[in-house]
Amino acid sequence: SISGEQIATLKGHTKGVMGVAWMQKGESDPETGVGSNNVLVTASDDKTLIVWDGATGQQLKQLRGHDGRVNAVAWKG
């Protein structure tokens, strides 16, 4: 059930977060290989995307290499 209680603080970006995308259970992303248990990805002004474990808030992967800020993100599918 949803309680509204904070379960994690996501720390990793050095500038503002511009977008968030959530992957539900049972889905997987074929390009990143990030798998099937409530994963989210954040896009930031710091030119990175970070993939997070949605249950624990643990950082799974950081995607660098963009020339400018990343304004939005979406899962393919």
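View 1. Residues are numbered from 1 along each chain as its sequence is written. Because this is a predicted model, local features need pLDDT of at least 70 and side-chain atom pairs count only at pLDDT 80 or more, while totals for chains, interfaces and linings use all residues; side-chain values use heavy atoms, with hydrogens and water left out. From the N terminus on, the elements run β-β-β-β. Here helices (H or I, at least four residues) and strands (E, at least two) are DSSP runs, numbered from the N terminus. The mean pLDDT, the predictor's confidence in each residue from 0 to 100, is 84, and 79% of the residues reach 70 or more. Among the elements, strand S4 (residues 59-63) has the highest mean pLDDT (94) and strand S1 (residues 17-23) the lowest (92). Where pLDDT is low, the predicted coordinates should not be read in detail.

**View 2. Thr48 lies in the loop between strand S2 (39-44) and strand S3 (49-53).** With 7% relative accessibility, Thr48 counts as buried. Buried means under 20% relative accessible area, exposed over 50%, and partly exposed in between (1.4 Å probe, protein chains only). The side chain of Thr48 makes two polar contacts to look for: one with the side chain of Asp46 at 2.6 Å, and one with the side chain of His13 at 3.2 Å. A polar contact is a pair of N or O atoms within 3.5 Å; within protein, one must be able to donate a hydrogen and the other to accept it, and residues adjacent in sequence count only if both atoms are side-chain atoms. Leaving aside residues up to four places away in sequence, Thr48 touches several others, including Gln62, Leu63 and Val70. Touching, or contact, means heavy atoms within 4.5 Å.

**View 3. Lys47 and Gly68 are two partly exposed residues.** Lys47 is found in the loop between S2 and S3, and its phi is near 75°, a positive value in a residue other than glycine. The relative accessibility of Lys47 is 40%, while Gly68 has a relative accessible area of 29%. Gly68 and Thr48 are 20 residues apart in sequence, and their C-alpha atoms are 8.9 Å apart in space.

**View 4. Val41 is a buried residue of strand S2.** Its relative accessibility is 5%. Buried residues make up 27% of the 77 residues in the protein. Val41 and Trp52 are eleven residues apart in sequence, with 6.0 Å from C-alpha to C-alpha. Not counting residues up to four places away in sequence, Val41 touches Gly19, Val20, Ala21, Leu49, Ile50, Val51, Trp52, Val73 and Trp75. Across the protein, 45% of the contacts between residues at least 6 apart in sequence join residues at least 24 apart.

**View 5. The largest pocket has a volume of about 160 Å³.** Residues lining the pocket include Ile7, Trp22, Leu40 and Asp53. The lining divides into six nonpolar, two polar and one charged.  On a 1 Å grid over the protein atoms alone, a pocket is an open set of points with protein on both sides within 12 Å along at least five of seven lines, and lining residues have an atom within 4 Å of a point.

Terms used: On a 1 Å grid over the protein atoms alone, a cavity is a set of points where a 1.4 Å probe fits but cannot get out, and a pocket is an open set with protein on both sides within 12 Å along at least five of seven lines; lining residues have an atom within 4 Å of a point. Grid points are joined across faces, edges and corners, and a volume is the space filled by probe spheres set on the points. Ala, Val, Leu, Ile, Met, Phe, Trp, Tyr, Cys and Pro count as nonpolar, Asp, Glu, Lys and Arg as charged, and the others, Gly among them, as polar.
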